[in-house]
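User: I would like to see how the terms used for a protein model are backed up by values. Can we go through some of them?

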Amino acid sequence: SYKGCFTDGGFESFKRDFAVFLDEKNYPIVFHCIAGADRTGCLAYVLGALLGIGEQQLLEDYGMTSLTSSGKRSTSSFQCQMNALTDHYSGSTLCEKMSAYAAACGFTDEDIVTFRSLVLKPAKQ
């Protein structure tokens, strides 16, 4: 679950997953989990934040992970957990805080620049 971001296993999982995004040979990348919400949502949130996507858009995206007959998934619990994660790291923006999280997981500023350059590449014509 997304609560696992704080555990040693969560750090190891992010290290393993983020390393995949640093290798150009792995693109295009599709990632998912059994339900496609908690672990996937947490990874998507961190990756999106590293790209500079704002919190409101990231929460909206998470809410869309489980559309039901009664509407989209509630984001309140997820938002509380992500706030607890981001509040644990320094920075004035969500991007800076998630960069600090990535650094705590062992990644460098260069790794984050590499990730951004791979993901934000213009499409080939």
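This is a predicted model: local features need pLDDT of at least 70, side-chain atom pairs count only at pLDDT 80 or more; totals for chains, interfaces and linings use all residues.

User: Why is S99 called buried?

Analyst: S99 has a relative accessible area of 16%. Buried means under 20%, so S99, with its 16%, is called buried.

User: Which other residues of its helix are buried?

Analyst: S99 lies in helix α5, which spans residues 94-104. Along with S99, the buried residues there are L94, C95, K97, M98, Y101 and A102. The buried residues of α5 pack against α1, α2, α3, α4 and α6. After α5 comes G106, with a positive phi near 105 degrees.

User: What makes the pair C95 and S99 a polar contact?

Analyst: A polar atom of the S99 side chain lies 2.9 Å from the backbone oxygen of C95.

User: Which residues is S99 in contact with, leaving aside neighbours within four places in sequence?

Analyst: They are L50, I112 and R116. Contact means heavy atoms within 4.5 Å.

User: What lines the second largest pocket?

Analyst: Its lining has 14 residues, and G41, A44, Y45, L58 and D61 lie nearest its centre. Helix α2 gives the largest share, six residues, while α2 and α3 each supply at least two. The pocket holds about 160 Å³ of space.

User: How is the lining of that pocket divided by class?

Analyst: Eight residues of the lining of the second largest pocket are nonpolar, five are polar and one is charged.

Note on methods. Residues are numbered from 1 along each chain as its sequence is written. Side-chain values use heavy atoms; hydrogens and water are left out. Buried means under 20% relative accessible area, exposed over 50%, partly exposed in between (1.4 Å probe, protein chains only). Helices (H or I, at least four residues) and strands (E, at least two) are DSSP runs, numbered from the N terminus. On a 1 Å grid over the protein atoms alone, a cavity is a set of points where a 1.4 Å probe fits but cannot get out, and a pocket is an open set with protein on both sides within 12 Å along at least five of seven lines; lining residues have an atom within 4 Å of a point. Grid points are joined across faces, edges and corners, and a volume is the space filled by probe spheres set on the points. Ala, Val, Leu, Ile, Met, Phe, Trp, Tyr, Cys and Pro count as nonpolar, Asp, Glu, Lys and Arg as charged, and the others, Gly among them, as polar. A polar contact is a pair of N or O atoms within 3.5 Å; within protein, one must be able to donate a hydrogen and the other to accept it, and residues adjacent in sequence count only if both atoms are side-chain atoms.
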